[in-house]
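Let's take a walk through a protein model together.

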Amino acid sequence: MKKQRMPSRAMTRRQFSKAALAATGVAALGVPAPAILAQTTRLKVGIVLPLSGFLAQPGQACQRGADIAPTLLSEMGRRVDLVSADTESNTDVARSRAEKLIDDGCQVLVGAFDSGHTAAVAQVAEQRGVPLVINVAAAPQLTEQGYRTVFRNFPTSPTLVRNGLALMKDLFQATGKTPATAIFLYANDTFGQANKAALDALLPPLRMPFKLLESISYDPKARDLSVEVAKAKASEAELVLVTTRAADAIMLIREMVKQRYEPMGVISPGSPGFYDEQFYKSLGRYADFAISNLPWINPRSELARQLESTFRKRFPNDRYECDAFNVGFTFEAVLVAADAARRAGTTDPKALLEALRRTDLAEHVMTGGPIRFDAKGQNDGIGSVTVQNRNQRPTVVLPKASAELDPVFPVPSWQRRS
């Protein structure tokens, strides 16, 4: 019986020598060896969002942005696998969900819509050395604490409010009507308090044409805002400024209609709620003419058009225009992570962190310049537009170059809306 011929050790050494020589050649060209892996590795992204509880509606809209990301990114040659976790609109749950996603092998986290939830996730990401790409969350402290693993592709509260106030001046000039007084109603959570601090700091230097009479806070989980609206009405303020989410925005408008409080307008200088589908379904004609000053989908972006097309195919029963804000920013967060993995050529978190710091994405979906992060991990290049509800649809009315319709201000009375 013949002996079976075994592979020689010399052959093994030759194979090893060839591999080593190839690696040396790559290094000599100045190309890091991990780049060889660029087409074969798949990035595992943990999506942390409030899919239940009082923040479920916007959280689910964000999730739709995550759900369509793999399809669109695959067409761009970027490979990602997503694992989603529900914060249940609870900060402690957000923390535990982030820990489990990392334990389950996620190399990047994306989330978490609410500033308080995001702060908890950021602490976990920093402790574990895993990148967090923020989709929506504006509290400035998220990028002011010296974290090395946090990257925010979303404006801070001061930026949101500053841009929102500047657009108010444009609104008053465009319509020829200016309120003399204003009042601010805001949810007293992390996001609302950050917006209040920004408003207090920015009003004097920006020399707004109205006087802020008072700021009134409320619990975002409250079931009744009658006292707060009664106080606002008693002030006789001509303009109502708000920081809301959909549920409390609905309660606020309903109570204003009930108490027949008729200001010149209701404007958010940078918060969600007014453009959500839940707002339109619950209020009908009373949803119209509310104004939100905030970042929006860039109509000139080819990638934004592809995003809309992909969304409509995947979710034919959902209105894209009502989800576009949350969908757009969540998709961009996954895009940023996938782009970093492509450039790093590996899914190792340390390499991803370095790649994220060098992000320079010119082609994206939201308004603003290229996505770049400063030393704190903040993208400062995001702009805002004025979105007014018209015919129960979020409609860009300013700046004029991007406007679909002219703005209406002062707004019609509650009784005169058809």
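Predicted model: local features only at pLDDT ≥ 70, side-chain atom pairs only at ≥ 80, totals over all residues.

Residues are numbered from 1 along each chain as its sequence is written, and side-chain values use heavy atoms, with hydrogens and water left out.

First, the overall picture. The chain holds twelve helices and twelve strands (DSSP runs numbered from the N terminus, with helices being H or I of at least four residues and strands E of at least two). Its C-alpha trace spans about 100 × 45 × 40 Å along the principal axes. Of the 418 residues, 54% are buried (under 20% relative accessible area with a 1.4 Å probe, protein chains only; exposed means over 50%, and partly exposed is in between). Look at contacts (heavy atoms within 4.5 Å) between residues at least 6 apart in sequence, and 70% of them join residues at least 24 apart.

Now find the five-strand sheet. It is open and parallel, and its strands come in the order S2-S1-S3-S4-S5; two strands count as paired if DSSP finds at least two bridges between them. At the edges sit S2 (80-86) and S5 (150-152), each pairing on one side only. On average, neighbouring strands here are turned by 25° against each other, direction ignored. Zoom in on S1 (residues 43-49) and S3 (residues 108-111), and you'll see a parallel pair with four bridges. Valine 48 stands opposite glycine 111 of S3 in this pairing.

Helices pack on this sheet too. H4 (residues 115-128) touches S1, S3, S4 (132-134) and S5, and its direction makes about 160° with that of S4 (axes are lines fitted to C-alpha atoms, for helices over the stretch in contact, and angles run from 0 to 180 degrees between N-to-C directions). H11 lies across S1, S2, S3 and S4, running at about 160° to S1.

The other sheet to look for has seven strands. It is open as well, with mixed pairing, in the order S7-S6-S8-S9-S10-S11-S12. S7 and S12 each have a single partner strand, so one side of each is left without a neighbour in the sheet.

H6 (residues 190-206) touches S6, S7 and S8 (239-243), and its direction makes about 155° with that of S6. H7 (residues 226-235) touches S6 and S7, making about 170° with S7.

Glutamine 259 is in the loop between H8 (246-258) and S9 (265-268), and at 17% relative accessibility it counts as buried. Beyond its neighbours within four places in sequence, glutamine 259 is in contact with Ser226, Val229, Ala230 and Lys233.

Finally, the pockets. On a 1 Å grid over the protein atoms alone, a pocket is an open set of points where a 1.4 Å probe fits, with protein on both sides within 12 Å along at least five of seven lines, and lining residues have an atom within 4 Å of a point. The largest pocket has a volume of about 370 Å³ (the space filled by probe spheres set on the grid points, which are joined across faces, edges and corners). Its lining has 20 residues, and Trp296, Ile297, Pro299, Arg393 and Glu404 lie nearest its centre. H10 gives the most to this lining, with four residues.

The second largest pocket holds about 150 Å³ of space. Among the residues lining this pocket are Gln57, Arg64, Asn317 and Cys322. H9 provides the largest share of its lining, three residues.
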